[in-house]
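Please look over the structure below, then read the notes that follow. They start with strand pairing and move on to domains and chains.

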Amino acid sequence: MSKEETVAKKQGSRYTVRVWRQAGKDKPGQLVDYQVDGIIPNMSFLEMLDVLNEQLTKEGKEAIAFDSDCREGICGMCSLVIDGVAHGPHSGCTTCAVRMRDFPSGSTITIEPFRAKAFPVIKDLVVDRSALDKIIAAGGYVSVNAGAAPDANSILVGKESADRAMDAAACIGCGACVAACPNASASLFTSAKITQLASLPQGQPERKKRVKAMVEEMDRLGFGDCSNHGECEAVCPKEIGINHIAQMRRDYLMATLAP
Amino acid sequence: MTTFTGALRSSLGKKYLMGFTGLVWVGFAIGHLIGNFLLFAGREAFNGYAYFLEHLGHGMLIYVAEAFLALTILIHVANGINVAVLDKSAARPVGYQVKGNARGRTQKGLASQTMIWTGLTILGFLVLHLVTFKFAYLWEQVPDYKFEGTNIMTRDLYSVVVRRFSEGWYVGLYTAVMLLFGMHLKHGVWSAFQSLGLLNKKTTAPMISLAWVVSIVLSLGFLFLPVTVFVMNESFASPAGGLHL
Ligand code: FES
């Protein structure tokens, strides 16, 4: 151990981390306890896992698999359930934006993967979220060429519609809404993708077709029913509201009553 | 092509049915509560109200209403079991070992997570309620009542109610269930509007507050009656009945 490392270890805190370890898809898994040292308050949660992984590698053990990419809250790749809450204790932020100062030194932190039948665990904390892509592929697009940037100025969009579309478009597709929902419903994600387009003129021609196709794909993929717990809105890193779910229900009802 | 009936089988359709049937019963509960307050007016008024309901539309309307209520509650219960038990475990076969609650804007709490249990308790109570009041005449002696100044006879439903509410265990049970009923409504009422797609960003929060008010008014309203009848039984059991202090 280098001198700096020894100093950091002395300065930093120690945590007990209980992590879900699972060798692969359809393999049995369990929570395993680890001690991790030298964690300073300004480290991000994922950096804490990096430190732990380094430690494990040095001990000749297998590192913990977890997803991350941008590590600045924009890509939606990171996906952990920390002490029972998707994306951890801080509202309006992704796992990668959670800092260790949110956890009292010496505490035990339990980390589990996003859980849903539609999100099978691939390894440890990594889950397959491609079901969300399938929902988008079912209709979350505009089939015609909507033009280039200058064309945006030729079709006027009201402020309220633009705001609603922007709210919904903030979705980064992380799947925390599914993970947090007691029923593992994908209603918040699906509704955000639907209302984003339903709020804009370019989305109108396919509006009815889209809502039907996406809702039915969501059901087919084995996501659960919504019970209006609103937990999805509370964990959403982009704070997307359940008002989009109500909008989806209106649209679906209208699409089936007056096709 | 999805038809409306096909849509009702989707996950969203379950919400429409749940919300609609729930609201039907909330409407019924409000009417029922108002009717119940006639107990305070006395034997003649309460029996007269029951007689009036039984003879609406040549005595047919009550059967239509009852059939409608039975159908809606059947849908509500079947859907509820489907959503909260079957679909729920199918969509998340492996659960979390640590359960947490996000802070802030969540509505997830004791009321929202126990809908199925409060619901089934209310259902059980409903059966008991029908057996001990509506169908009391089938298994116990119910005296007849003659309306003042007429020759019209009817069952003295008022006496059934007052006698039952003089029993401490029944009043206790009734009170406990009404508190659970309030909890069910606290999540259920605003949720019904959300399920039917009737809320937006501005109306969600006021509707959640309104649901609080409705649940408190209905739950306290319903338990106020048996408790009052129990405490003031002498007044209620008198020939004229009602509450006179
Ligand atoms: S890693 Fe990109 S959002 Fe967290």
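## Bridges to strand β5 of chain A

A:Ile82 has A:Ile111 as its bridge partner in β5(A). This is a predicted model. The pairing belongs to strand β3 (residues 81-82) of chain A, which runs antiparallel to β5(A) over two bridges.

Strand β1 (residues 13-22) of chain A also pairs with β5(A), here in the parallel sense, through four bridges. Two residue pairs can be picked out. A:Thr16 stands opposite A:Thr108 of β5(A). A:Val17 has A:Ile109 as its bridge partner in β5(A).

## Cover over β5

How many residues of strand β5 (residues 108-112) of chain A are buried? Four of the five are, and the strand is mostly covered.

## The sheet of chain A

The sheet is open and has five strands. Their order in chain A is β2-β1-β5-β3-β4, with mixed pairing.

## Two domains in chain A

Chain A splits into domain 1 (3-121) and domain 2 (129-257). The C-alpha centres of these two domains of chain A are 30 Å apart. Contact between the domains involves 22 residues of domain 1 and 21 residues of domain 2 of chain A.

## Chain B: helices, strands and extent

Chain B contains eleven helices and two strands.

The C-alpha trace of chain B spans about 65 × 40 × 35 Å along its principal axes. Of the contacts in chain B with a separation of 6 or more, 73% are between residues 24 or more positions apart.

Chain B has 245 residues, and 44% of them are buried. The accessible surface of chain B is about 12,900 Å². Carbon and sulfur atoms account for 72% of that surface.

Chain B carries 18 positive and 10 negative side chains. How far apart are the centres of the two sets? They lie 26 Å apart in chain B.

Definitions and conventions. Residues are numbered from 1 along each chain as its sequence is written. Chains are lettered from A and ligands numbered from 1 in the order in which they are written. This is a predicted model: local features need pLDDT of at least 70, side-chain atom pairs count only at pLDDT 80 or more; totals for chains, interfaces and linings use all residues. Side-chain values use heavy atoms; hydrogens and water are left out. Buried means under 20% relative accessible area, exposed over 50%, partly exposed in between (1.4 Å probe, protein chains only). Contact means heavy atoms within 4.5 Å. Accessible areas come from the Shrake-Rupley method with a 1.4 Å probe; for residues, only the protein chains shown count as cover. Lys and Arg count as positive and Asp and Glu as negative; His and the chain ends are not counted. The place of a charge is taken as NZ of Lys, CZ of Arg, CG of Asp or CD of Glu. Two strands pair if DSSP finds at least two bridges between them. Domain bounds come from an automatic or database domain assignment.
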